Amino acid sequence: MVRGVAGAPSDMPESVRIREVGPRDGFQNEPEVIPTEQKVELIDALARTGLRRLEVTSFVRADVIPQLADAAEVLERVDIPDGVDVSVLIPNERGLDAALEHRAAIDEINVFLSASETHNRKNVNRSVGESLAGVEAVLRRARAEGLRCEGVISTSFGCPYEGHVPVERVLDIAARLHSAGAHELAFGDTTGMASPRSVTEFFAAARSRLPRDAELTAHFHNTRGQALANVLAALQQGIDSFESSFGELGGCPVPAGATGNVATEDLVSMLGEMGIETGVDLDALLACARRVREILGRPLSSHTLVAGPVEWGSDPGP
């Protein structure tokens, strides 16, 4: 219950969809391999918090990301309730081949590339054009298999190597991904360079230029402490789909210092205080964050994990 809030402001969504990306985006950035049994434990718990979308793993080469070498085992062992969609990140057609061996366990696939040439080469050793051709092929095949598809564009709000990334470039890539079969288009603030002003301008342009049937999703990192402010700016542009990571896990492997995603519990707490529905049980989500903190054996950065949820009591005072 949110005290003193009758509902979301009229110019904002009344409800928001959240994709939890911690089991993939978060775990892959941890230096020590998390045992498969504990990954399954955490994913099963997250699936019972009211979250309806979980990105659980990625089919990448084990020598590149050893943390996700158990992708197949994780998918086969998790116990996901009906109504919760499971997605996996797919880097290329070989990854799609591996994922399709577990087709019954997967509802969605996500493909990715950077809008910045330099970041894309440092991240996947390909040009943007090469990556785009590759993910278009993956999208076409995935659609033929009846999978829902998301295209994720990293460095949408700026590149640590190139600086400003033209909005037109990002939206051109997004349009191609949509044409190739991406139902959903996610725009990543990969190294925390976005500001509320740039987010406002970006999504105003995106909503006017991209097809109306494309679902637009925001993916913010809290590298410089601006993630929730950027969420608010996106909400004010009517964006009602977000990606986040419990415990503020995650980041970007290039460059150094690109710290974690906005914490799911911070996002859920803020939206709840604004009267915006998420369907997520904050207490259950915080239990997941406390458990991953225990498994990792280190403090985590999410504010709500440290301070706890807002407690209004019977008398809020002046």
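1. Let me start with H221, a residue that is worth a look in the viewer. H221 counts as buried, because its relative accessibility is 4% and the cut-off for buried is under 20%. Please keep in mind that this is a predicted model, here and in every point below.

2. Where does H221 lie? It is found in the loop between β7 (215-220) and α9 (227-236). Leaving aside residues up to four places away in sequence, H221 touches D189, T190, G192, A227, G251, C252, T259, G260, N261 and V262. For T190 there is also a polar contact to look at: a polar atom of the H221 side chain lies 3.2 Å from the backbone oxygen of T190.

3. S154 sits in strand β5 (residues 148-154). With a relative accessibility of 12%, S154 is buried too.

4. Which residues of α9 are buried? They are A227, N230, V231, A233, A234 and L235; A227 is also one of the contacts of H221. The spacing of such positions can be read with a simple rule: an α-helix has 3.6 residues a turn, so residues three or four places apart point the same way. As for what covers these buried residues of α9, the list includes β6, α8 (196-209), β7, β8 (241-244) and α10 (264-273). Just after α9, G238 has a positive phi of about 85°.

5. Is E20 buried or exposed? E20 is buried, as its relative accessible area is 0%. This residue belongs to strand β1 (residues 17-20). The side chain of E20 reaches two backbone nitrogens, that of G22 at 2.7 Å and that of F246 at 2.9 Å.

6. Not counting residues up to four places away, E20 touches L46, L51, R53, L54, E55, S244, S245, F246 and T264. If you want a sense of scale, the C-alpha atoms of E20 and S179 are separated by 26 Å, and these two residues are 159 apart along the chain.

7. Now for the largest pocket, which holds about 1,000 Å³ of space. Its lining is made up of 42 residues, and those nearest its centre are V60, P91, F112, N123 and V124. The elements that give two or more residues to this lining are α1 (22-26), β2 (53-58), α4 (93-100), β4 (108-114), α5 (117-124), α6 (128-144), β5 and β6 (184-189). Of these, α5 gives the most, with four residues. By class, the lining has 15 nonpolar, 18 polar and nine charged residues.

8. Finally, a word on cysteines. A disulfide is a covalent bond between the sulfur atoms of two cysteines. How many disulfides does the structure hold? The number is zero. C149 is buried, with a relative accessible area of 1%, and C159 counts as buried at 1% relative accessibility.

Note on methods: Residues numbered from 1 in each chain as written. Predicted model: local features only at pLDDT ≥ 70, side-chain atom pairs only at ≥ 80, totals over all residues. Heavy atoms only, no water. Buried < 20%, exposed > 50% of the residue type's maximum accessible area, 1.4 Å probe, protein only. Contact = heavy atoms within 4.5 Å. Polar contact = N/O pair within 3.5 Å; in protein donor to acceptor, adjacent residues only side chain to side chain. Disulfide = S-S within 2.5 Å. 1 Å grid on protein atoms, 1.4 Å probe; cavity = no way out; pocket = protein on both sides within 12 Å on 5 of 7 lines; lining within 4 Å. Points joined across faces, edges and corners; volume = space filled by probe spheres on them. Nonpolar A, V, L, I, M, F, W, Y, C, P; charged D, E, K, R; others polar.
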